[in-house]
Amino acid sequence: MASGGALLWGVSGTVAQHLFQQVHIPAAWLVTLRLIISGAVFLLLCLRREGSKVWRIWQDGRFLGKMLIFGLLGMLGVQFTYFASIEAGNAAIATLLQYLAPLFILLYTVIWKKTRLFAMDFIGAFLALAGTYLLLTGGDPSQLTVSLRGFIWGIMSGISLAFYTLYSGPLLKNYSIQVIMGWGMLIGGAGMNLIHPVWSVPAINWSPSIIGSILFVVLLGTLAAFYLYIGSLRYIEPHEASLLSCTEPISAIISSVLWLSVPFNYFQILGSGLIVLMTVMVSIKSAKRSEPSAQETSFL
């Protein structure tokens, strides 16, 4: 379930790239549609399982403001910056740049929490930076393999995921993952709807394949992917699910190369491997903690 959910996330990024760059559907519109539909369905499923508990968060003044911040800056921030990076670059590199989130979490804990650094932290940071360099230059420092705009959005996506992961901790101690994700998606979608209304349908030549691609991103790449990943936590530990989620960047790379013919040389493959290795190291380190890992909610 964990691997399947991550695989769907990765492939949905490639499908989104096709919609953005070949069909010319705006990323903002797809994000709005994706979050509103997925959030609404998620909450309906929660109502069947948890009943009135779904509404309690709006009666709790301690978490009301936090939930709004999580939905707008966390959930929406992650979704929009990720799709904007795909729109300006490609799904493979956008996914890998988002996987730099553990590096930003490390920086946060060192600067704000005064956390002591260990050898594995330095190794992980080196792997992340070296991997990013190889991924973006392809071994040639005189040029970038992705546009500067795509790179900036990708870095912002990683920062947003770090915030999303850290900020969700207190909420998850009091409410279920399903409730937090459902309301987070719906709040984020409602916020994005103020900027790009979902009823402002793009003026394109609609076809069954385009509609099918959109449904894949919304239903399989979002709703089913989240449901599978969250469901896997009933059977395995969060750090194990995090390890298995490394299928996401791999599936994004393979689908981008095979379907959209995105160029990917040996240096970029090496850089991708270093970033994935860094993620594996973080998951192994989190497995040694006695408290729930921050990686528990580091899904897209």
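Entry 1: I looked up Arg-62 and found it exposed, with a relative accessible area of 57%; exposed means over 50%, buried under 20% and partly exposed in between, with a 1.4 Å probe and protein chains only. The model is a predicted one, in which local features need pLDDT of at least 70 and side-chain atom pairs count only at pLDDT 80 or more, while totals for chains, interfaces and linings use all residues. I note also that residues are numbered from 1 along each chain as its sequence is written, and that side-chain values use heavy atoms, with hydrogens and water left out.

I then searched the whole structure for salt bridges (a side-chain nitrogen of Lys or Arg within 4 Å of a carboxyl oxygen of Asp or Glu), and the search gave one. Arg-62 forms a salt bridge with Asp-60, and their closest N and O atoms are 3.0 Å apart. Asp-60 is buried, at 13% relative accessible area.

**Entry 2: helix 4.** Helices are DSSP runs of H or I with at least four residues, numbered from the N terminus. Where is the kink in helix 4 centred? I found it centred on Gly-77, with a value of about 40°; the bend at a residue is the angle between axes fitted to the seven residues ending there and the seven starting there.

**Entry 3: cysteines.** I counted disulfides, defined as pairs of cysteine sulfur atoms within 2.5 Å, and the count came to zero. Cys-46 is buried at 4% relative accessible area, and Cys-246 is buried at 6%.

**Entry 4: the nonpolar core.** Of its 86 residues, Leu-19, Phe-83, Met-181 and Ile-214 touch the most other members. Helix 2 (residues 27–50) supplies the largest share of this core, 10 residues.

For contacts I used heavy atoms within 4.5 Å. Apart from neighbours within four places in sequence, Leu-19 is in contact with residues including His-24, Leu-30, Ile-210 and Ile-214.

**Entry 5: Val-23.** Val-23 lies in helix 1 (residues 2–23) and is buried, with a relative accessible area of 12%. Not counting residues up to four places away in sequence, Val-23 touches His-18, Ile-204 and Ile-210. I also recorded that the C-alpha atoms of Val-23 and Phe-70, 47 residues apart along the chain, are separated by 31 Å.

Methods: Helix = DSSP H or I, 4+ residues; strand = E, 2+ residues; numbered from the N terminus. Core = buried A, V, L, I, M, F, W, Y, C linked by side-chain atoms within 4.5 Å.
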